[in-house]
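Biologist: I would like to learn how to read features off a model. Can we take a few in turn?

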Amino acid sequence: MDAISEAANLGIEETLDPPDWADVQALSHRVVDDAVGYLRDVRERPVWQEMPAEVRAFFTEPLPHSPAPLTDVYGEVARNVMAYPMGNIHPRFWAWYMGSSNFTGALGDFLAAIQGSNLGGGNHAAGLMDSQVVNWCKEMMGFPASAGGTLVSGGSMANIIGLTVARNTKAGIDVREHGVAAIPKPLRFYASDQIHSCHRKAMEALGLGNRALRRIPTDAAMRIDIAALRAAIAEDRAAGFKPACVIGTAGTVNTGAIDDLQALATVATDEDLWFHVDGCIGALIAIAPQNASLVTGIEQAHSIALDPHKWLHAPFEAGCALVRNAEMHRNSFAVTPEYLESTPRGLASGQWLHDYGLQTSRGFRALKVWMALKEHGVDKFGRLIDQNIAQGRYLASLIEAEPALELTAPTTINIVCFRHRGDGLSGERRKNINTEIMLRLQEEGIAAVSDTTVHGQHCLRVAITNHRTRRDDLELLVREAVRLGNEIEDVTRTV
Ligand SMILES: Cc1ncc(COP(=O)(O)O)c(C=O)c1O
């Protein structure tokens, strides 16, 4: 009989708590020391590196049945996981679009896990803090204190929350009870052709289907064409559809373009549409003193999706959905089964936060956002957003001054699209050169950038949502992109 079965036979109950807290304490101190060093020295490490075969093999190990000392477990994590990050905390990570995290936020996540509260709701401090952070988000957006809101996993979920309320409010029937098949006239949603892919997923999940989201052409600045939007709405009405919602984007994922939100608010009023703003990238520009006017009109939205894990640099995950009319918000999600009924006093006398979204159990996301906002103050986050936007414009100016490179889209905020010219080469060969520049920048650990296609042109894309980036990092990027481009081009022309 093994020791565990023997203990069970003797009636000794087991727990996950350590037999000796002093051991755990010593290891925890080491973990924190390593973590501090990890962030302090991040600039000295490559942005990203490929994992060797033995590290990949580590992740195919089978389910463990027997125990291992925690120090060994941590050693494996340090060697195989911490050493091979995605890289988005590095000062030269500018791929896709994500924040660069912060140490205080990480402490917040640790403490949230130590307290272990479930933010489905209830009468406890974490619940009040969750609501407080939502209230702070309303304040940052210029939304009334009476608005509804909820913290969610990220921007994709925040958009689904807003679009669900839009669908339910505009359907003309009780969709929750009768389903989308009972909607008398098919609903139509509108957004620019630069809309993020999560909206397609939302339309599919909402049972409306991808085709119910009409993509409206964009102008030279990559903003939704308002005249084309009005024409599409008129066409749909005449064809028997019900125009229900217009989605404005404050910061498109391709180029950072910001739709004319005031004009969209007017269209929504004129046409009786729900006005949702996907502000995952740019909503928080509202707190940046030098650039806040770029998102004027956002405060008129019926719902907003914003993403604290981008420009508030909260460790993943933290998104936020705000709905101007709190009752409409609650009416779209609240269900009260008998096992979740409120009581007049005690633990179940607090607000049920799960009434504002799809999750029942929810993590304590608010703490990491709250601690970082308290430590630095919201004004500093605003200045950091201005700093990234200024860095975007600086990078654009460096590219304009470099004959081997060219900008491929206007730079509105912190996203810069450019390419190596590859003069005289076909579009396909130019794309190959630029793709190769991107891959070598990553593989040599210099910088992480991504690529995209804007109005038919392939290009590299730099998104500076990074409080560690300095101007000399951007100068290095330009030098290295030119060096790599010339090297690759020489080989390309000789084959
Ligand atoms: C404009 C836009 N909307 C939505 C999203 C999705 O956000 P998340 O990745 O937090 O789900 C993104 C992500 O970058 C985005 O750029």
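This is a predicted model: local features need pLDDT of at least 70, side-chain atom pairs count only at pLDDT 80 or more; totals for chains, interfaces and linings use all residues.

Biologist: Is Asn434 buried or exposed?

Modeller: Check the relative accessible area against the cut-off: under 20% means buried. Asn434 has 1%, so Asn434 is buried.

Biologist: Which residues is Asn434 in contact with, leaving aside its neighbours within four places in sequence?

Modeller: Arg419, His420, His458 and Leu460.

Biologist: Which residues have the most contacts inside the largest core?

Modeller: Met141, Leu229, Phe275, Leu284 and Leu306. Take Leu306. Beyond its neighbours within four places in sequence, Leu306 touches Cys137, Met141, Ala158 and Leu322, among others.

Biologist: Next, the ligand. How many residues surround the ligand?

Modeller: There are 15, and the closest are Gly155, Ser156, Asp278, Asp307 and His309. By class, the shell has five nonpolar, seven polar and three charged residues. Helix H7 gives the most to the shell, with three residues.

Biologist: Where are the polar contacts?

Modeller: Look for N or O pairs within 3.5 Å. A polar side-chain atom of Asp278 lies 2.7 Å from a ligand nitrogen. A ligand oxygen is 2.7 Å from a side-chain N or O atom of Asp307. For Lys310, the side-chain distance to a ligand oxygen is 3.2 Å.

Biologist: How much of the ligand does the protein bury?

Modeller: Taken alone, the ligand exposes 390 Å², and the protein buries 85% of that.

Terms used:
Residues are numbered from 1 along each chain as its sequence is written. Side-chain values use heavy atoms; hydrogens and water are left out. A nonpolar core is a set of buried Ala, Val, Leu, Ile, Met, Phe, Trp, Tyr and Cys residues joined through side-chain atoms within 4.5 Å. Buried means under 20% relative accessible area, exposed over 50%, partly exposed in between (1.4 Å probe, protein chains only). Contact means heavy atoms within 4.5 Å. A residue is near a molecule or strand if one of its heavy atoms lies within 4 Å of it. A polar contact is a pair of N or O atoms within 3.5 Å; within protein, one must be able to donate a hydrogen and the other to accept it, and residues adjacent in sequence count only if both atoms are side-chain atoms. Accessible areas come from the Shrake-Rupley method with a 1.4 Å probe; for residues, only the protein chains shown count as cover. Helices (H or I, at least four residues) and strands (E, at least two) are DSSP runs, numbered from the N terminus. Ala, Val, Leu, Ile, Met, Phe, Trp, Tyr, Cys and Pro count as nonpolar, Asp, Glu, Lys and Arg as charged, and the others, Gly among them, as polar.
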